[in-house]
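Thanks for passing this one along. Here are my notes, in numbered points, to read with the model open beside you.

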Amino acid sequence: MKDRIEIIQGDITRSDADAIANAANTSLLGGGGVDGAIHRAAGPQLLAECRTLHGCETGKAKITRGYNLKAKYVLHTPGPVWSGGGRGEAEKLAGCYRSCLELASEHGCRTVDFPSISTGVYGYPVDRAARVALSAIADYLASHPEIERVRMVCFDAHTKAAYDAALSEL
Ligand code: AR6
């Protein structure tokens, strides 16, 4: 599976993948960080569709169209807020990646791009988040050949270095 996972540095709003994930909150009504950037790039129709979804649980995901994005779909997933690691954060974070990939498969996507969920405002230590994310992705890919490529789109060099290290340990 490792050969179907790529780590790059960049801006996920410019992604040409079939679907991109959004590090959302449980309201699905937008926010700062990558969520704000995705809503700005997709245009107001994205928020209009999100309003019809009535939120989403932490660790699950909901899908919308991508509107003005190149990506056909957005996979909205609220990550866990880090509170020391003893509150099921890792299971919830793995659930985010798995739930997004399940929706992507159901909708015929072959390529999916993710931001580093929970490692901004939600405070999840990036080294730990990277290990959880990549093992959840690798587990999914092992039984789902329909997904050809999953890319982690890291906003900064420090985040990319953490995912590069986690991938080499996988
Ligand atoms: N492309 C890729 N990654 C980005 C981009 C971008 N354009 N912009 C930021 N990042 P965060 P969270 C990175 O805070 O921790 C929102 O308000 C960023 O550098 O966006 O899951 C939501 O509504 C970091 O590495 O998400 C929630 O309330 C990563 O994306 C809350 O923040 C995630 O940072 C979710 O917090």
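1. A word on accessibility first: a residue is called buried under 20% relative accessible area, exposed over 50%, and partly exposed in between, using a 1.4 Å probe and protein chains only. Glu91, at 58% relative accessibility, therefore counts as exposed. Helices (H or I, at least four residues) and strands (E, at least two) are DSSP runs, numbered from the N terminus.

2. Please keep the origin of the coordinates in mind: this is a predicted model, in which local features need pLDDT of at least 70 and side-chain atom pairs count only at pLDDT 80 or more, while totals for chains, interfaces and linings use all residues. Residues are numbered from 1 along each chain as its sequence is written, and side-chain values use heavy atoms, with hydrogens and water left out.

3. How do α3 and α4 meet? The axes of helix α3 (residues 89–106) and helix α4 (residues 126–142) come within 9 Å and cross at roughly 35°. Here axes are lines fitted to C-alpha atoms, for helices over the stretch in contact, and angles run from 0 to 180 degrees between N-to-C directions. The crossing of α3 and α4 is right-handed; a crossing has that hand if the near helix is turned clockwise from the far one by less than a right angle, and is left-handed if anticlockwise.

4. Now the residues behind that crossing. On the α3 side, the contact includes Ala90, Leu93, Ala94, Tyr97 and Arg98; on the α4 side, Ala129, Val132 and Ala133 are among them. Contact means heavy atoms within 4.5 Å. By class, the residues of this α3 and α4 contact are 11 nonpolar, one polar and two charged. Ala, Val, Leu, Ile, Met, Phe, Trp, Tyr, Cys and Pro count as nonpolar, Asp, Glu, Lys and Arg as charged, and the others, Gly among them, as polar.

5. Ser99 is also found in helix α3. With a relative accessible area of 14%, Ser99 is buried. Not counting residues up to four places away in sequence, Ser99 touches Gly59, Lys60 and Ala61.

6. The loop between β5 (111–114) and α4 is worth a look, starting with Ile117, which has its place there. Is Ile117 buried or exposed? At 0% relative accessibility, Ile117 counts as buried. Leaving aside neighbours within four places in sequence, Ile117 is in contact with Ala23, Thr77, Gly79, Leu93, Cys96 and Tyr97. Ile117 and Ala133 are 16 residues apart in sequence, and their C-alpha atoms are 8.5 Å apart in space.

7. Most residues other than glycine have a negative phi. Ser118, in the loop between β5 and α4, has a positive phi, near 75°, and counts as buried at 6% relative accessibility. Tyr67 has a positive phi too, near 50°; Tyr67 is found in the loop between β3 (62–65) and β4 (73–78) and is partly exposed, with a relative accessible area of 21%.

8. On to the pocket. The largest pocket has a volume of about 590 Å³ and is lined by 25 residues, with Ala23, Gly33, Val34, Ser116 and Gly120 nearest its centre. A pocket is an open set of points on a 1 Å grid over the protein atoms alone, where a 1.4 Å probe fits and protein lies on both sides within 12 Å along at least five of seven lines; lining residues have an atom within 4 Å of a point. Grid points are joined across faces, edges and corners, and the volume is the space filled by probe spheres set on the points.

9. Which element gives the largest share of that lining? Helix α1 does, with four residues. By class, the lining of the largest pocket has 11 nonpolar, 11 polar and three charged residues.

10. Last, helix α1 also holds Ile38, which is buried, with a relative accessible area of 0%. Ile38 touches residues including Ile12, Thr13, Ile20, Leu46 and Val74, not counting those up to four places away in sequence. Ile38 and Thr13 are 25 residues apart in sequence and 5.7 Å apart in space, C-alpha to C-alpha.
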